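Q: I would like a close look at one part of this structure. Please keep it connected and brisk.

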Amino acid sequence: MNEPTIREELRPGDLGEVVAHHGRLYAEEYGVDATFEGFVAAAVVRAAIRGFPSEREAIRIVELGGEHVGSIGLTDEGGGDAAIRWFVLSPEVRGKGLGRRLLGELLDLAREHGYRRVFLETFSELHAAAHLYLDAGFVVTSADTAPRWGREAITYQRYELGLTDRAKLSA
């Protein structure tokens, strides 16, 4: 099997692939409907309209054999906050440390760019992702269970990582 390649620049069509990949994968693995894809698309559109990625932002596009198999983004949310967004990997590239590596790279970039906090939003059924976030020092700061994306109930969570506090602890 080929090794995945990782690009750090956006090409035409990449943002559409990020949205489509989320739609397909989450429908298959978590039973969500097309409104989830719309939810992801709205976040992608907001970032794209303001010129994502800026100098303080980043994207990683993961490809295998020329096909889109993953992504992760770091977006500037203003006020010293950044967000991890669009973090998803297809099953064929999971379990090899790639997700941990990509998350670590973007958190390092967030520190280099002087962000004071990084947050991300997800839902509770993504157990492997939750393990990565908790290992990186994130904490769950809110959770809300409600009907979403064609399902009777999904627990939507927000994770946060204080970068300045962490830097003080390691100093």
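Which residues of helix α2 are buried, and what do they pack against?

A: This is a predicted model, so local features need pLDDT of at least 70 and side-chain atom pairs count only at pLDDT 80 or more, while totals for chains, interfaces and linings use all residues. Residues are numbered from 1 along each chain as its sequence is written, and side-chain values use heavy atoms, with hydrogens and water left out.

Start with the helix itself. Helix α2 covers residues 34-49. Helices here are DSSP runs of H or I with at least four residues, strands are runs of E with at least two, and both are numbered from the N terminus. The expected span is 1.5 Å times one less than the number of residues. For the 16 residues of α2 that gives 22 Å, and the end C-alpha atoms are 22 Å apart, so the two agree.

Now its two faces. The buried residues of α2 are Phe36, Val40, Ala43, Val44 and Ala47. Buried means under 20% relative accessible area, exposed over 50%, and partly exposed in between, with a 1.4 Å probe and protein chains only. These five residues cover an arc of only 95° around the axis, which puts them on the same side of α2. The arc is taken from the directions from the helix axis to the C-beta atoms. An α-helix has 3.6 residues a turn, so residues three or four places apart point the same way. The face turned away from the buried side carries the exposed residues Ala34, Arg46 and Ile49.

The buried residues pack against α1 (14-30), β4 and β5. Contact means heavy atoms within 4.5 Å.

Just after α2, Gly51 takes a positive phi of about 95°. Then a cis peptide bond joins Phe52 and Pro53, with omega at about -5°. Pro53 sits in the loop between α2 and β2. Phe52 is also among the residues that Leu74 touches, along with Ile84 and Leu106, not counting residues up to four places away in sequence.

A nonpolar core is a set of buried Ala, Val, Leu, Ile, Met, Phe, Trp, Tyr and Cys residues joined through side-chain atoms within 4.5 Å. The largest one has 50 residues, and Leu74, Ile84, Trp86, Leu103 and Phe138 touch the most other members. Helix α3 (residues 98-112) gives the most to this core, with seven residues.

Trp86 belongs to strand β4, one of the elements that α2 packs against. Trp86 is buried, at a relative accessible area of 7%. Its phi is near 60°, a positive value in a residue other than glycine.

Last, the sheet. Seven strands form an open sheet with mixed pairing, in the order β1-β2-β3-β4-β5-β7-β6. The edge strands, β1 (5-7) and β6 (139-148), each pair on one side only. Strands pair if DSSP finds at least two bridges between them. Helix α4 (residues 127-135) lies across β4 (81-89), β5 (117-123) and β7 (151-162), at about 20° to β7. Axes are lines fitted to C-alpha atoms, for helices over the stretch in contact, and angles run from 0 to 180 degrees between N-to-C directions.
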